[in-house]
Amino acid sequence: MDNKELTQEQRAELLGTLKARFENNIHRHEKVVWDKVQAKLEVNADKLWSLQEMERTGGEPDVVGFDEATGEFLFFDCSKESPAGRRSLCFDQEALDSRKKNKPEDSAVNLAAAMGIELLTEDEYRALQELEHFDLKTSSWVQTPPDIRERSGAIFCDCRYGRVFMYHNGADSYYAARGFRGVLKI
């Protein structure tokens, strides 16, 4: 999608969806007031476009907190499983380039950048899981430390047996049940 502006109708529909999700999941953001979130969204058209992309790819973005230090609201993908429109991706461009056969369509890092979001860190992923359990059947790539990436690896997480597990895999691997969750700071 080259045009990163939403029509008035798209904006209204997205804001309605986000507000309904916000109101239906107060446990994710008990101390956050929707009117303040909406005011920030209305002056950040590029962020609205990114949220639309998160929504379009199945992420079900929702506010999960407010960063006092930066004054930013944090939107995470809150779909029960890794977003369906962001699966079967290797980790990054280097991993994609290294595949000789059966290349996936894209990488998690590339797609996140194109959407204007970032992959969750392991800490962010664990914080999300404290709100409720996600990825009970799927897994999600997370940001990978350089020392692991330099060894051709990448990390991903999931939730099984009521616990968060972090694993490693070759960065060039991809699976139908592995995608990525993103964060957007507004």
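How many bridges pair strand β5 with β6, and in which sense? Eight, and the pairing is antiparallel. The views below start from the whole chain and come back to that pair.

**View 1. The whole protein, as a predicted model.** This is a prediction, so local features need pLDDT of at least 70 and side-chain atom pairs count only at pLDDT 80 or more, while totals for chains, interfaces and linings use all residues. Residues are numbered from 1 along each chain as its sequence is written, and side-chain values use heavy atoms, with hydrogens and water left out. You'll find seven helices and eight strands here (DSSP runs numbered from the N terminus: H or I of at least four residues for helices, E of at least two for strands). The radius of gyration is 16 Å, close to the 16 Å from the globule rule for 186 residues, so the protein is as compact as a globular protein of that length (taken over C-alpha atoms; the rule is 2.2 Å times the number of residues to the power 0.38). Along the principal axes, the C-alpha trace spans about 50 × 40 × 30 Å. Of the 186 residues, 46% count as buried (under 20% relative accessible area; exposed is over 50%, partly exposed in between, with a 1.4 Å probe and protein chains only).

**View 2. The open sheet with strand order β6-β5-β4-β7.** The pairing in this four-stranded sheet is mixed (two strands pair if DSSP finds at least two bridges between them). β6 (163-170) and β7 (178-180) sit at the edges with a single partner strand each, so one side of each has no neighbour in the sheet. From one strand to the next, the twist averages 35° (axes are lines fitted to C-alpha atoms, for helices over the stretch in contact; angles run from 0 to 180 degrees between N-to-C directions). Back to our opening pair: β5 covers residues 153-160, and Phe-156 stands opposite Tyr-167 in β6. Helix α6 (residues 122-131) lies across β4 (139-141), β5 and β6, at about 10° to β5.

**View 3. The β1–β2 hairpin.** Four residues sit between the two strands, and Gly-71 in the turn has a positive phi of about 75°. The strands run antiparallel, joined by six bridges; Gly-65 has Leu-74 in β2 as its bridge partner. β1 is mostly covered, with five of its seven residues buried.

**View 4. The largest nonpolar core, with 34 residues.** Val-37, Leu-41, Leu-51, Phe-75, Trp-141 and Phe-180 touch the most other members (a core is a set of buried Ala, Val, Leu, Ile, Met, Phe, Trp, Tyr and Cys residues joined through side-chain atoms within 4.5 Å). Elements supplying at least two residues each include α1 (8-24), α2 (34-42) and β5. Apart from this core lies another, of twelve residues, among them Leu-128, Phe-134, Val-142 and Cys-157. Zoom in on Leu-51: neighbours within four places in sequence aside, Leu-51 is in contact with residues including Leu-14, Pro-61 and Ile-186 (heavy atoms within 4.5 Å).

View 5. Most residues other than glycine have a negative phi.
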